[in-house]
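Here is a short exchange about how some labels are assigned in the model shown below. Each reply sets a computed value against the criterion behind the label.

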Amino acid sequence: MRWKTAELTGWGRVLTGKAELARPEKPAALSQILKKSPAPAIGAQRSYGDAAVNGNGRAIDMTRLDRFISFDPETGILHAEAGCSITDMLDTFAPQGWMPAVMPGTGFATLGGCIAHDVHGKNHHKAGTFGQHVVAVDLMGADGSTKTITPESDPALFKATIGGLGQTGAIVSAKIKMIPCSSRLIQVDERRAANLVEFMEMLKASNATYCVGWIDGTANGQSLGRGILEEAELTSSNMAPKRRKPRKVPFNAPKFALSPPTVRLFNRMYFNRIPKQGRGVLRSLKDFFFPLDKIHDWNKLYGKRGFHQFQCVLPDETAERTLRDMLRLIADAGLASPLAVLKRTGAGRAGLLSFPMEGFTLALDFPNSEKSRALVAQLNALAAEAGGRIYFAKDSLATAAQARQMYPELAEWQKTVEAADPEGAFKTDLIRRLKLRTPA
Amino acid sequence: MSQTWIILGAGSAMGRAFARKAATQGAHLVLAARDQDDLDRTAADCLARGAASAAAVLFDVRKPESFAPIYDAAKANDGIINTAVFVGSMAPQDDVDADPNVGDLTIQDSFTGPVNFLHGLAPIMEARKGGTVLGIGSVAGDRGRIGNYIYGAAKAGFHTYLSGLRNRLNRSGGHVVTVKPGFVDTAMTWGIEGMFLVASPEQIAQDLWTAHEKRKNTLYTPFFWRYIMAIIKSIPEPIFKKLSV
Ligand SMILES: Cc1cc2nc3c(=O)[nH]c(=O)nc-3n(C[C@H](O)[C@H](O)[C@H](O)COP(=O)(O)OP(=O)(O)OC[C@H]3O[C@@H](n4cnc5c(N)ncnc54)[C@H](O)[C@@H]3O)c2cc1C
């Protein structure tokens, strides 16, 4: 296998690293590679920070291992190679009446990446995380041998692998249980929320299958925390969805594109676009689940400097107070981009390092600058203080101490990981930056 | 009615991508390559994506006895039989220079092997009155260059064969597309320096399907290679012989 020298880049384009990359097209080739030169597996590199970066090291690109191995239309169980993308699953199986039970906000994410971060979707409060629908994982160790693990056969290793950041080995393929998909269209109801309290109450009261909120990170004072609640249900309509052709951002955007006045103006328009009494619209599944995928390489909109995504989850007890503090800091700083999400989360999680907890999750993008790094550091500290967590799939600025505080099961995870990968062959930049494999 | 597609070299990235394309069109597939386990998996993948059927048949272009089972698998389906030929090998010119046997193998894999296969298939296609052959040649076959002229010569020979076969199959309603891909992002080109304007296998597969539907004679894919090669072909030999492009 030839190795290609490549620049690995987090989706936020701030954390990068030069690495040698292999890209096997068959499981047997992957096994050969691991035997000779074990290295972390990476997917579509849609993590924002450094989860899929291994600077000055090697990595294995899994995206060419992307075949569906079997599908049982009775049970909805799909066995697929780890490089399969979520979009590919949706495109192939939605017409057959099935879809992944959990889908992150980008369809480019791979099966392996979704398992390794135990991702959540717009239905987390009802369906839990991706890992809760994983029936079995075919895990390849540094010796190139594959073992199929299930929650029953290897409970400890399974819990360390789901959300395990690739540290227990390469996920070659996995079985997931999909859910019925009655239609290729989804009915979306949009309502305004005038401020944070109202927004949180609406989110709590919502009984919709899919529920997500857009939050205006520039609003302050009376309107602090205002936003738009989106509740959605699959329809039984058989109309074929319309979808516009994807566009591509061809170059780094100039700085003024996301300057504070532009963002304030945009957010005001975006908010006012929804009539006071709310409105209902019919969308294609992909438009609803992966709204940003229509613009390829949208991360270039932030220009060369890149951006940071801050995502935290806060427990119910502290959520309102902490969100208020956070949103004040954010609005005062005037640094937020229009991409901001407030969502309710349930208790569901399948791994020791899974992100979600019962409460609320807030996610925002900030163009990279000294000021925004200081702001995110403050937000990280607030999340830690509130007993919340930062999401490893997004983080680029947390500290090792915060990670320990936020993930109490880290030590238990480390025990299993050290047994599975004693040489530390699967470490990535994220692992080293947050010292996730260093005993406390 | 669903047509049949034989995919020779279905284990390659391009072969796999084209098999998927044909699968989404509801074709019957006969997938042929050297690795049975891997073929079985590609067959399952194609079925999930909509193929009417998918047979996985072991095939080695250096073993003519492996051809008949593929013909038989295709004949088992009714209707038109099409073929896409993705086999070929490109040994580094240095290896060929060091050992002439290596050059023989390149010629066998990229020229005489596929020709023998197609020659056995032609009467079967004729009997079914139609069908397309997508023959994957190479821009390397357009002009001999110091870097890989054994491979280039093999592909040039294959191009000439394809043009003759086009002439022949045309009489029974069949068609042949001579395909000349530029650089494609596959395991063959992965990590090789000096690659530019690299196309994805999916992009090539889409182009191949369109060329099949439109009955194109020669397809450069991506299209701009037609112009790149026009320039390379137009360089006068007295100058060209001194270049190392
Ligand atoms: C626009 C956008 C929206 C998003 N929305 C959400 C969301 O709503 N919810 C959410 O939870 N996340 C979300 N994410 C984050 C994204 O879902 C995760 O980062 C996911 O892990 C990306 O998958 P990937 O294939 O790109 O993995 P990568 O980023 O390439 O890798 C992520 C991690 O998985 C490991 N890994 C990947 N493949 C394998 C494998 N085969 N075997 C072992 N380890 C492997 C890597 O080592 C790395 O640690 C979003 C990201 C973007 C860009």
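Q: What makes the pair B:Arg49 and A:Asp88 a salt bridge?
A: In this predicted model, the closest N and O atoms of B:Arg49 and A:Asp88 are 2.8 Å apart. The criterion asks for a side-chain nitrogen of Lys or Arg within 4 Å of a carboxyl oxygen of Asp or Glu, and the pair of B:Arg49 and A:Asp88 therefore counts as a salt bridge. Between chain A and chain B the count is seven salt bridges, and there are also 15 residue pairs in polar contact, both residues at pLDDT 80 or more.

Q: Which elements give two or more residues to the side of chain A that touches chain B?
A: They are β2 (16-22), β5 (68-72) and α2 (86-93) of chain A, and α2(A) gives the largest share, three residues. By class, this side of chain A has eight nonpolar, two polar and 10 charged residues.

Q: How much area do chain A and chain B bury between them, and how much of it is on carbon and sulfur atoms?
A: The two chains bury about 1,900 Å² between them, with 44% of it on carbon and sulfur atoms. On the side of chain A, A:Arg2, A:Arg23 and A:Arg67 supply 34% of the area buried against chain B, more than any other three residues.

Q: Why is the pair A:Glu25 and A:Arg64 called a salt bridge?
A: The side chains of A:Glu25 and A:Arg64 meet at 3.2 Å, N to O, and the cut-off is 4 Å, so the pair meets the criterion. Across the interface of domain 1 and domain 2 of chain A, the rule finds one salt bridge and eight residue pairs in polar contact, both residues at pLDDT 80 or more. Helix α1 (residues 27-36) of chain A gives the most to the side of domain 1 that touches domain 2, with five residues, and the residues of that side divide into 12 nonpolar, five polar and eight charged.

Conventions. Residues are numbered from 1 along each chain as its sequence is written. Chains are lettered from A and ligands numbered from 1 in the order in which they are written. This is a predicted model: local features need pLDDT of at least 70, side-chain atom pairs count only at pLDDT 80 or more; totals for chains, interfaces and linings use all residues. Side-chain values use heavy atoms; hydrogens and water are left out. A polar contact is a pair of N or O atoms within 3.5 Å; within protein, one must be able to donate a hydrogen and the other to accept it, and residues adjacent in sequence count only if both atoms are side-chain atoms. Helices (H or I, at least four residues) and strands (E, at least two) are DSSP runs, numbered from the N terminus. Ala, Val, Leu, Ile, Met, Phe, Trp, Tyr, Cys and Pro count as nonpolar, Asp, Glu, Lys and Arg as charged, and the others, Gly among them, as polar. Buried area is the accessible area (1.4 Å probe) that two parts lose on being put together, summed over both.
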